[in-house]
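Please read the following report with the sequence and the structure at hand. It turns to a helix and then to pairs of aromatic rings.

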Amino acid sequence: MIKKFSTVEFLKTPKKIIFEGGWVLTGQIFVTVVNLIGIRIVTEFLPAQTLGTATMWLGISVLLKNIFIMPLLNYQIRFYPEYVQKKKITAFNRITLRLIIWLIILSSLLFLIATITLISFNFILSGYVILTIVVLFFLVDALKSFYINKHQAERKQKYYALWLIVESFLTYTLIYVLISNFPSAEVYLLSMSVGTLLGIVIFRDYKINKNQTNEIHNLNIRDIIYEAKKFSLPFIPMAFLSWIMNLSSRYFIGFIGSTYEAGIFIASFSIASRPFIMLSGIATLFFRPILLEAFSKDERKKINFILRSWIIAILFLGLLTLVILIFGNKLIAKFFLSSEYRINTLVIFFFVGLGYFLLAIYQIFENFLFAMKKTKEILLINIIGTFTFLITNFLLVTKYAITGAVISITISFALQLAAVIAFFIFQNGGRIVR
């Protein structure tokens, strides 16, 4: 039987939901502002070539996390409400954390062995210090994601927001102090690693909540591994595809052009994509916990109401953001970029902004597929987008460099959005729930 649902009740009941939404908004706005100021600091003290090198290594760390850790983190966030209902959440958390630590150790060893081998054969030129720092950042970033997932699943948005605020402030303070005296890729990455670690030390929460009545039950780790593998395996190729779509442009530009051009691209890309990443992040943090709970209880009217609300919010705020980005591009570039990096900003801002606006809309539908446990469908749609991205990047970057890269971003995300809409129209009868 479907539970009766009132939109008025949904909006009013939770004073807590509005309270949480306020914290999400506050945290994301603060972090976005700090990050944009941080970009200005970085572009003042780091030459474009050094920034290009640092962010390319940072991208490798993100790739490690996406392939080895994110599939399990997706499993954690999706099944968290179900283990709360089973009153086995404490054991679930302990086992998940243990698995994440083992995956961090395994993937770090594989990365070091592979990279040191490539260095020894002169396939890549790098020092061992930066490799160690990359592994350190990967480790702390993966652990941070576990605790962040836990905060989000328990709707502790206040703690999550405070975590982001304090961590971003500490990180960019460290970056400013250190790179102003020692402007190098290693110091930049080390500052980010230490800032993330400080956030974990201050805000991690792994105590049993006294307000919860959940009993501690033992779970069989093999059952968790089997369930996680079944749900998460499609996320492994998906994680790689997502990395290609979001981060590989810098490598195309770096290899076809130079790390200097990659640095120029990354600085403007970071500014143009940030507002839409923030907008999508706020919406996801606000709506997804409610959505997953609604799916777990089969509250169909509530699910459809969440979809409508989510789409309206993204369309209105996204279009407003895009207009500000386009017409205010000169002022934004002057404020957030040093003179060396203010190259072709209108074109980069327009195409990256449009692309990430389309991505924010796509991620609404992706979250619904995620809640429906249709991971294979998400994988197929990501393959379509990534295949388009690789072809357009190869054709456009070789001919138009940075301009080609940003046009490729827009085309790929547009096709990805079209594919997910087509799925709901033709395969799911235009409905989220049947």
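Predicted model: local features only at pLDDT ≥ 70, side-chain atom pairs only at ≥ 80, totals over all residues.

The buried residues of α8 are I224, A228, F231 and S232. Seen down the axis of α8, these buried residues fall within an arc of 80 degrees, so they line one face of the helix. An α-helix has 3.6 residues a turn, so residues three or four places apart point the same way. On the face of α8 turned away from the buried side one finds the exposed residues R222, D223, Y226 and K230.

Two of them are set out here.

| Pair | Distance of centres | Angle of planes | Type |
|---|---|---|---|
| Y80 and F92 | 6.3 Å | 85 degrees | edge-to-face |
| Y356 and F413 | 5.2 Å | 75 degrees | edge-to-face |

Because Y80 lies in helix α3 and F92 in helix α4, their pair ties together parts that are 12 residues apart in sequence. Y80 counts as buried at 2% relative accessibility, and F92 is buried with a relative accessible area of 0%. The pair of Y356 in helix α14 and F413 in helix α16 (residues 402-427) links distant parts of the chain, 57 residues apart, and both Y356 and F413 are buried.

Finally, Y80 and F92 belong to one aromatic cluster together with Y75, F79, Y83, F231 and F370.

Technical notes:
Residues numbered from 1 in each chain as written. Heavy atoms only, no water. Buried < 20%, exposed > 50% of the residue type's maximum accessible area, 1.4 Å probe, protein only. Helix = DSSP H or I, 4+ residues; strand = E, 2+ residues; numbered from the N terminus. Arc of directions from axis to C-beta. Phe/Tyr/Trp six-rings, centres within 6.5 Å; stacked < 30°, edge-to-face > 60°.
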